Amino acid sequence: GINAEYMGSADFVAKVSSAVADSLNKPESYVHVSVVLTPLASFGGQMGNCMTADVYSLGSINPTNNAKFTCLLTELANQHLGLPQDRMYTNFFDLPRSNVGFNGKLFG
């Protein structure tokens, strides 16, 4: 089964945060990573461990960066969580700067 204890650990979150920053060429100070554990899930019609990663960014969403992050995250999830590589989706969303607020104001 999946190593849920490690999934919720600061070490796993830090590794994913670093992978996001590296893949999207963003300062890690702009990266937010949340891990939400779901006790019951189906993937491809099969019950069991799986993962969905949603990546939101102001720019830097493109085929090259998306492929790099997907590869890094899949490796991390497989190595550290024991999650099979075919039990995971990664979704990318390129947000307009005017639709993202931070520190009391919009980015655009």
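**Exercise 1. Is Phe107 buried, partly exposed or exposed, and what is its relative accessible area?**

Solution. Keep in mind that this is a predicted model. Take the value for the residue: Phe107 has a relative accessible area of 26%. Now place that value between the cut-offs, under 20% for buried and over 50% for exposed. Phe107 is therefore partly exposed.

**Exercise 2. Find the ring that pairs with Phe107 across the chain, and classify the geometry.**

Solution. Start with the partner: Phe107 forms an aromatic pair with Tyr30. Their centres are 6.1 Å apart, and the angle between the planes is 70°. Planes over 60 degrees apart count as edge-to-face, and that is the class of this pair. Next, locate the two rings. Tyr30 lies in the loop between H2 and strand E1 (42-43), while Phe107 sits in the segment after E6. The two are 77 residues apart, so the pair links distant parts of the chain. As for accessibility, Tyr30 counts as exposed, at 55%. Finally, widen the view: ring pairs join Tyr30, Phe102 and Phe107 into a cluster, and the count of aromatic pairs comes to six.

**Exercise 3. Describe the surroundings of Phe69, going from its ring partner to the core.**

Solution. First, the ring. The centres of Phe69 and Phe92 are 6.3 Å apart with planes at 85°, so this pair is edge-to-face. Phe69 belongs to helix H3 and Phe92 to strand E4 (residues 88-94), 23 residues apart.

Second, the accessibility: Phe69 has a relative accessible area of 3%, which means that Phe69 is buried.

Third, the contacts. Leaving out residues up to four places away in sequence, Phe69 touches Val16, Ala19, Val20, Ser23, Val55, Thr90 and Phe92.

In soluble globular proteins, nonpolar side chains tend to be buried together.

**Exercise 4. How many disulfides does a search of the whole structure find?**

Solution. The search finds zero.

Key
Residues numbered from 1 in each chain as written. Predicted model: local features only at pLDDT ≥ 70, side-chain atom pairs only at ≥ 80, totals over all residues. Heavy atoms only, no water. Contact = heavy atoms within 4.5 Å. Disulfide = S-S within 2.5 Å. Phe/Tyr/Trp six-rings, centres within 6.5 Å; stacked < 30°, edge-to-face > 60°. Helix = DSSP H or I, 4+ residues; strand = E, 2+ residues; numbered from the N terminus. Buried < 20%, exposed > 50% of the residue type's maximum accessible area, 1.4 Å probe, protein only.
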